[in-house]
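Dear colleague,

Please find below the structure I promised to pass on to you. My notes on its aromatic residues and on one helix packing follow it.

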Amino acid sequence: MSDTRQLTLPITGMTCANCVATVERNIKKVNGVQEVSVNLSSERATVVFDPALAKLPDLIGRVERAGYGVASGEANLSIRRMSDDNDARRLEKTLSTLEGVLEAQVSFAVEKAYIRYIPTIISQAELRRAIISAGFDVLEAGGEADDAEARARQAEINQQRRYLTIGLLFTVPLFLLAMGRDLGLLPKMLAHASWMNWLMLVLATPVQFYVGWQYYVGAYKSLRNRSANMDVLVAMGSSAAYFYSLPVTFGLLSGHVYFETAAVIITLIKLGKFLEARAKGRTSEAIKKLMGLQAKTAHVIRAGQELEVPVEEVKVGDIVIVRPGEKIAVDGVVLEGRSAVDESMLTGESLPVEKGPGDAVIGATLNKLGLLKFEATRVGKETALAQIIRLVEEAQASKAPIQKLADSISAVFVPIVILIALTTFTVWYFLVPLPAGSQESVFTRALINMVAVLVIACPCAMGLATPTAVMVGSGKGAELGILFKSGEALERAGRLTTVVLDKTGTITRGQPKVTDIIVREFPAGEDELLRMAASVEKGSEHPLGEAIFAEAGERGLTLVEPQGFRATAGQGVTAVVDDHEVLIGNLRMAEAYQLVLNGLDSEIQRLQSEAKTVVLVAVDGVVRGVIGIADTLKEGSVEAVHRLHEMGLKVVMITGDNQQTARAIARQVGVDTVLAEVLPGDKAMEIKKLQTGGEVVAMVGDGINDAPALAQADVGIAIGSGADVAMASSPVVLISGDLRGVARAIQLSRRTLRTIKQNLFWAFFYNVVLIPAAALGLMNPMLAALAMAFSSVFVVTNSLRLRKFRVT
C-alpha cells in the first residue's frame, strides 16, 4: 500500500460555497487524490493524495484550470561561496527538488537566487536551511517567509479596493444624475437632453466591463466547469440592466435606461466583497498572534563562545542561554539555573511555572527571573509552538458536520435562483397586467423584478456561516491553551451531556506518595519489607510502583536486581528477590493467588476509607504487610467539577481503584457517579454503556494511556500534554494540566456552535424571505444589491464576536 501525503494549498479567487464545491470536484479529478477539503473562510484546500500518482503541479494545474489560483511567495536571496556556474546549477537543482518550490533560478554572476514557492508547504527558513545544507551561505532574505501568503491575500484586497474606488468614481455621479432626473430635481432642459443617456452609458461602461470584469470571467469559468456560482448571478443581473439600456440609448426602443442599476449592482457587491475580505482577514488573527510569539534570535554556545543566531539556525543539541526577560527560543531541557517561566501565551495559565535542572521548557515562553542554560531538543517544525500552529490551521481548514447542510443547498442554489428569476420574468410579463397610468412597459417591469431576484440571492452567507465561526473559535481556543484538532470536535463538544474524568493524573496529581507501611509477622521489619517491594518495582513506570521506589530512595535503602519479573494487568507484579518470591498488588491479585490477608483486613478498610490506595506485599505466599499510597487532588479539580455542574453536565469519575478509595476521592471533588475497579482495557466499554443510555460523552485523560477510552468517547480530551501536543490522539488537547480547561473548552464550543446556528439562520432566513419579496416586485434591484452585499459581511462580523469570548 502506497504512502499518503497531506498538503495545504492557499486558493485565490473563491467567492461562494459553489466555488468551494468546484475546487474540490476538480482536485478530486487528479489521479491519486484520496481526500479534499476546501475552506471558504481560510481560502485553503487540504489535499490527501498518493505522491506516487499525483504531483504538486498536477494539483495546481487542476485548480487553475477550474478558474482559480494558488497563492505563491517569492524569495530573493543573496548567495555566497559559489565557486562557478556549476555551483549555481547544482543549487538550482537542489532547490527545484524541494516540495513546495515552483520555480528556482540561481545566477552565479549576481550571486542571487530567485525562488517561487507555496508558503503553506515550505517556508523561507526551510529554503535557507536547504541552501546552507548544500554548502552555501545565505546573506539576506527578501522578506519574512511566513508573510508570503499574507502578502498574496493583501494584494488581492488591494486589487478589490482599486476596483471599488474606480467603481465609486463612476457610479456615484451616474446614480445622482439618474435619481435627479427620475425625481425631477434636474432642470427639464438638462433632464430630457438627447445626450443624457449617452453620458450615462459612458459612466456605466467602465464599471460594467472593468470593475465588473471579474464577474464575467468567474461566470464563464464556473459554467465551463458545469456549475453556477455567485458570479453567474451578478453577471446576469447587471448585464440584463446594462444591455437592455443600449437599444434605448441608440433610439431603437423607447423607454427608461437602467445604466445606474447595473453600475450600482456591481459597485455595491464589490463594496460588500471588499468589506468581507477585510473581515475574513481578521478571522485568522489568532494564528498571526501565535506566529508572532516566536523568538527571532537565540544565544547559543558554539566552540566555547556565546553567539547570537537566528532562531531558524538553532540545531537539536545546541546549548542555549536565555536571560531574564528574554523569550525561550526553542523547546529544550534545563541544564543549569533556576527561574520562573511565563507559559500563559501557550497554556492560558497566568501563574509562572518554576523551572530547574531536568525540567522541560517550551519555545516562545517568557523567562521571568533567573538565567537558564538549556539543551535544545526540538527545533523548527517540531517545537510545541509550530505543532500548535499546525493543529490550529488544520482545524480551521476542516469542515464541521453542521456545514454539510449548507454545502448540499449551495450545490443547487444558483440554478434554483435562475429558475425562480426566469419564472418571475414570465409571470410578470404574461400574467400580471400593468396598473392604469403606469409609465413603464410590461417588459421593463418584468426585467427589473427578474434582476432583483438574481442580485438579492446570496450563496456566500451560507458558505461562510460555519467556516468563519470555526476559524475564530479554534483560534480563540489556542489563545486559551485549548486545541481543537477539527471543526467536528469543536461542534461535538458543544453537544456534550456527560464528562468522564480519569482519576489519576486528571483529578489527582498522578504523583502518589507512600503514607503508611503496616507489617504483620515479618521480623526483618518495615524497611526490609519496603526494600524487597522496591527491588521488585525497580524501573517500574506504574505510578504506585514509582511511589514505592521513591520512598525506598528517600530512606536510603540498597536495592537489588529482581529475577523473573512478571506483571499482570490490573492486578500487580511478581519477582524473586534474595531467593524469596515477592508479590505486590491489589486485592484482586490476592484473590487470584489465594493469599491469606494475615489479619490485615481492618487496616485495609481503614486506609481505603482515607482515600488511600492499598498495595499488598506477600513474601513466599503469605501477605506480610500493606503499603498505603495517597494521591493528592490537583489544584482546581473541585472548582472544575463545580463549573461543569453549573453548565448542566453530569460528571463521572472512572478509576481502577477500589470502591472505598474511589468514593472518598469522589466525595472530595463532588462528582455524580463513580466507576471504580475498572481495568484499563474496560474503560472504553464503560464509555460505550453511557453512550448506549443516550449520553453524549467526553472522556478526559492523559491522551496516551487512555487512548481506547478517548477514541470511544464522542469527544476525547487529552489533558496536560505540555510540549507533546501532537502526541495525544484525542481530538481536543488541553496544553496545561488544569482540569478547569475542560469547562473552558466546552463553554467555547457551545458559544461557537451557537454562532454557527445564528449564521445559518440568518443565511437561510435572508434568502427564504428576500428572494420571494424580490419575485413579488417588492425589491428595487439596487436595494437588492445592497442587501446581498452586506449579508455575508453580517455573517463574518457575527463570527468575529467570538474573539471577545470570556470564560464565565
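In this predicted model, ring pairs join Phe209, Trp213, Tyr216, Tyr242, Phe243 and Phe259 into a cluster. A search of the whole structure gives 17 aromatic pairs.

One of the pairs is formed by Tyr242 and Phe259, whose ring centres are 5.5 Å apart; with their planes at 65 degrees, the pair is edge-to-face. Since Tyr242 belongs to helix 9 (residues 230–249) and Phe259 to helix 10 (residues 259–283), the pair ties together parts that are 17 residues apart in sequence. Tyr242 is buried, at 4% relative accessibility, and Phe259 is buried as well, with a relative accessible area of 0%.

Phe425 and Tyr429 make a stacked aromatic pair, at 5.6 Å centre to centre and with 10 degrees between the planes. Both residues lie in helix 14 (residues 403–431), four residues apart, which is about one turn of the helix. Phe425 is buried, with a relative accessible area of 17%, whereas Tyr429, at 34% relative accessibility, counts as partly exposed.

I turn now to the helix packing. The axes of helix 13 (residues 384–397) and helix 16 (residues 459–479) come within 8 Å and cross at roughly 160 degrees. Helix 13 is therefore roughly antiparallel to helix 16. Their crossing is right-handed. Helix 13 contributes Val392, Ala395 and Gln396 to the contact, and helix 16 contributes Val470, Met471, Ser474, Gly475 and Ala478. Of the residues in this contact, five are nonpolar, three are polar and none is charged.

With kind regards

Terms used:
Residues numbered from 1 in each chain as written. Predicted model: local features only at pLDDT ≥ 70, side-chain atom pairs only at ≥ 80, totals over all residues. Heavy atoms only, no water. Axes fitted to C-alpha atoms, helices over the stretch in contact; angles between N-to-C directions. Helix = DSSP H or I, 4+ residues; strand = E, 2+ residues; numbered from the N terminus. Parallel < 35°, antiparallel > 145°, perpendicular 65-115°, else oblique. Left-handed = near helix turned anticlockwise from the far one by under 90°. Contact = heavy atoms within 4.5 Å. Nonpolar A, V, L, I, M, F, W, Y, C, P; charged D, E, K, R; others polar. Phe/Tyr/Trp six-rings, centres within 6.5 Å; stacked < 30°, edge-to-face > 60°. Buried < 20%, exposed > 50% of the residue type's maximum accessible area, 1.4 Å probe, protein only.
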